[in-house]
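I am opening my notebook on this structure, and I will write down each thing I looked up in turn.

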Amino acid sequence: MPSDRGFDLRHPAVAGYDIIADAFEAARKVKPWELAYFSGLAERLAPGDHLLDCGCGTGHVGLASLVDAGMSITALDGSAGMLKHFRRRYPGVATIRCDMLAYEPAEKFAAIIAWDSFFHLSHDEQARMIRHFAAWLRPGGLLLFTSGPGHSTIDDTMFGTPFAYASFSDAGYRELLGANVLSVLASDFDEPHAAIHKVWLAQRE
């Protein structure tokens with residue numbers, strides 16, 4: 001059942017994705033090397049486990065492996081335009097229209113995914129979200145997220161619309177995760193012949 005809530009902290013990226021949602025979906029292509037991270041997460045979980053896709057966008061193709069494995073999934077995004085496409089791709093998945101910074105879940109999750117969403121937050125916002133992620137996960141719960149290659153703040157555009165990106169260094173993320181009782185299981189550059197897109201897997205102690 002779709003629901004809309006939590007816009008007191010609406011992030012600028014939300015408005016940007018509302019503008020470009022249709023163009024983003026039309027241009028999006030499957031990156032086959034990413035699929036293993038989603039299927040690998042599914043292998044670590046049990047059917048019925050509750051998973052949060054935080055900043056779900058139009059719906060990553062890799063999420064299908066978690067749907068097929070019988071996960072109970074809640075997908076959250078602030079952009080109505082992006083959620084419109086997500087609901088077409090995954091009509092059986094519960095969705096919530098909400099800024100992730102304002103979200104207050106009623107239960108703990110077995111896993112949280114923040115794929116290509118978390119890096120639109122500032123450094124301070126990312127530090128806050130890592131604290132939230134740790135609080136939202138049950139003991140042993142898993143966090144899968146993506147980052148840039150090193151400490152940076154970048155202003156860029158997508159389809160002519162401004163977007164900001166930020167990343168900590170590898171050591172910076174490890175320090176933040178460790179301070180929030182999240183142990184790093186893996187941190188890999190996933191794009192072939194490139195070192196620009198890092199995938200993190202951490203576990204709540």
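Does Glu25 count as buried or exposed? I keep in mind that the model is a predicted one. I looked up Glu25 and found a relative accessibility of 18%, so Glu25 counts as buried, because buried means under 20%. The side chain of Glu25 meets that of Arg89 in a salt bridge, with 2.7 Å from N to O. This pair links distant parts of the chain, since Glu25 sits in helix H1 and Arg89 in helix H4, 64 residues apart. Arg89 has a relative accessibility of 34% and counts as partly exposed.

Next entry: other salt bridges.

I noted that the structure holds six salt bridges. In one of them Arg138 pairs with Asp49, and their closest N and O atoms are 3.5 Å apart. Here too distant parts of the chain are linked, with Arg138 in strand E6 and Asp49 in the loop between H2 and E2, 89 residues apart. I found Asp49 buried, at a relative accessible area of 12%, whereas Arg138 is partly exposed at 35%.

I then turned to Lys198, which forms a salt bridge with Asp170, the closest N and O atoms being 2.9 Å apart. Lys198 lies in strand E10 and Asp170 in helix H6, 28 residues apart. Lys198 is buried at 8%, and Asp170 is partly exposed at 25%. Together with Arg174, these two residues are linked in a network of salt bridges.

Next entry: Ser79.

Ser79 lies in the loop between strand E3 and helix H4, and at 0% relative accessibility Ser79 counts as buried. I found a polar contact of 2.7 Å between the side chains of Ser79 and Asp18. A polar atom of the Ser79 side chain also lies 3.1 Å from the backbone nitrogen of Met82.

Next entry: nonpolar residues.

Which residues touch the most other members of the largest nonpolar core? I read that this core has 30 residues, and that Ile112, Phe118, Phe133, Trp136, Leu143 and Leu177 touch the most other members. Helix H5 gives the largest share, six residues. Apart from this core lies another, of 23 residues, including Leu66 and Phe86.

Val30 lies in the loop between helix H1 and helix H2, and Val30 is partly exposed, with a relative accessible area of 48%.

Notes:
Residues numbered from 1 in each chain as written. Predicted model: local features only at pLDDT ≥ 70, side-chain atom pairs only at ≥ 80, totals over all residues. Heavy atoms only, no water. Helix = DSSP H or I, 4+ residues; strand = E, 2+ residues; numbered from the N terminus. Buried < 20%, exposed > 50% of the residue type's maximum accessible area, 1.4 Å probe, protein only. Polar contact = N/O pair within 3.5 Å; in protein donor to acceptor, adjacent residues only side chain to side chain. Core = buried A, V, L, I, M, F, W, Y, C linked by side-chain atoms within 4.5 Å. Salt bridge = Lys/Arg side-chain N within 4 Å of Asp/Glu carboxyl O.
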